[in-house]
Amino acid sequence: MKNKILVTGGTGYIGSHTAAELQKHGYSVVIADNLCNSKKEILLQIEKITGKKPEFELIDLTSPEDTQKLFEKHNDLSGVIHFAAFKAVGESVEFPLKYYHNNLFSLVNILQAMEKYNVANIVFSSSCTVYGEPDSLPVDENAPVKPAMSPYGNTKQVSEEIISDSVGAGSLKSISLRYFNPVGAHSSGLIGELPLGVPNNLVPFITQTAIGKRDVLKVFGKDYPTPDGTCIRDYIHVEDLAEAHVIAIERMIKCNQKNDFEVFNLGTGSGNSVLEVINAFEEVTEVKLNYRFAERRPGDVPEVWADTKFANGELGWVAKKNLADMMKTAWKWEQNLAEKKIF
Ligand code: NAD
Ligand code: WQD
């Protein structure tokens, strides 16, 4: 058995795929989650995929005392992958303090516990949202961090600053991974995204419309300065993301970092428009999607995609899955949920 990794938010969408991937690589995994946006049954699903159920701690990481106790109990950790956070951009505009409280307090508590219990390595879930509307494309890691367009986005910027300051002052080491648009589900169809209520993001909205949970998908804007008038994003398969996390934590454990705080973009390096995503979905699933054009959504940037050369070169990681894989797995997951094969 290799090292033990604490995965906060590990029953969530990206965390569950990463926990499975870590176990596949022989790591021992402890998941810490308060289940505010996920289900405990995900642990059984991970067991079905990997043959092993991760250890689980039900904990709200905004509690400093409980976070300290977590580290006291698991005193043999080689690193932390910190996913736990709220992530709905629109909700963060409505309830900024809810977001600052959850996303920042939990991070500070984790870092303090890491210092106290001598755990050096933390991988942080950041986002392409820190780039705002980039000046040039593709956007690389040296592009300026723009004023945040939402409290959620600001929590990612401030979190990176908190981590950078903490690394500079002490014994911590970190890798911040800036995800572009994570989509799709595990190829087994056993884990995937579980949006509570009406989804904000495109792909869950597509699959929920196709399965009949939603009447119609609104395509936000058709007059953007892009080839087909709809926004362009860099969609990345969640299994590719999970693999990058394993590589990142391993890089730290093996002391292969070039700097104690490194930042990597995680995307495919190319963009697709909303209409291209819809077409890919229809082609792969042979399901006709009910969609119509609607007003632009406030805050949407016309186009963004990643320059992934740094991650490709330094991490030796390349996203392997294409848009068809993303649509196929997202659809399989939605069908499994509808047929109650999961819960
Ligand atoms: P998710 O909501 O599926 O997973 C987050 C998990 O954290 C959930 O299981 C939730 O119950 C848990 N959690 C939240 N607050 C907690 C707390 N105080 N204590 C303990 N557990 C808590 O989200 P996800 O899509 O898997 O995102 C994971 C991370 O990646 C987040 O930090 C998110 O901001 C970041 N991210 C996500 C995306 C995306 O589009 N999904 C893009 C960029 C960055
Ligand atoms: C994608 C495209 C929409 C829904 C968000 C966060 C970002 C990051 C990833 C966390 C856009 C269009 C969407 C719909 C649509 N998350 N769309 N109809 O906004 O690129 O990024 O998730 O860090 O911070 O902002 O993703 O999936 O919401 O939208 O037309 O019903 O689909 O306008 O062009 P986004 P998304």
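Across the interface of domain 1 and domain 2 in this predicted model, 4 residue pairs, both members at pLDDT 80 or more, are in polar contact (a pair of N or O atoms within 3.5 Å, one able to donate a hydrogen and the other to accept it, with residues adjacent in sequence counted only if both atoms are side-chain atoms). The number of salt bridges between domain 1 and domain 2 is 0, a salt bridge being a side-chain nitrogen of Lys or Arg within 4 Å of a carboxyl oxygen of Asp or Glu. On the side of domain 1 that touches domain 2, β10 (235-237) and β11 each supply at least two residues, and β11 gives the most, with 4 residues. Helices (H or I, at least four residues) and strands (E, at least two) are DSSP runs numbered from the N terminus.

Domain 1 comprises 4-184 + 235-267, and domain 2 comprises 202-232 + 270-312 + 322-338; these bounds come from an automatic or database domain assignment. The centres of the two domains, taken over C-alpha atoms, are separated by 25 Å. Each domain contributes to the contact, with 20 residues from domain 1 and 20 residues from domain 2, where contact means heavy atoms within 4.5 Å. About 1800 Å² is buried between domain 1 and domain 2, 73% of it on carbon and sulfur atoms; buried area is the accessible area (1.4 Å probe) that two parts lose on being put together, summed over both.

The largest nonpolar core holds 35 residues, of which L22, I31, L177, L266 and W317 touch the most other members. A nonpolar core is a set of buried Ala, Val, Leu, Ile, Met, Phe, Trp, Tyr and Cys residues joined through side-chain atoms within 4.5 Å. Elements supplying at least two residues each to this core include β1 (4-8), α1 (13-24), β6 (173-179) and β11 (261-266). Its largest share, 7 residues, comes from α8. Leaving aside residues up to four places away in sequence, W317 touches I236, D240, E243, A244, I247, N265, L266, G267, A311 and N312. A second, separate core of 22 residues includes F205, I206, I278 and A280.

S127 lies in strand β5 (residues 121-127). S127 counts as buried because its relative accessibility is 10% (buried, under 20% relative accessible area; exposed, over 50%; partly exposed, in between; 1.4 Å probe, protein chains only). With residues up to four places away in sequence not counted, S127 touches Y152, K156, L177, R178 and Y179.

Residues are numbered from 1 along each chain as its sequence is written, chains are lettered from A and ligands numbered from 1 in the order in which they are written, and side-chain values use heavy atoms, with hydrogens and water left out. As this is a predicted model, local features need pLDDT of at least 70 and side-chain atom pairs count only at pLDDT 80 or more, while totals for chains, interfaces and linings use all residues.
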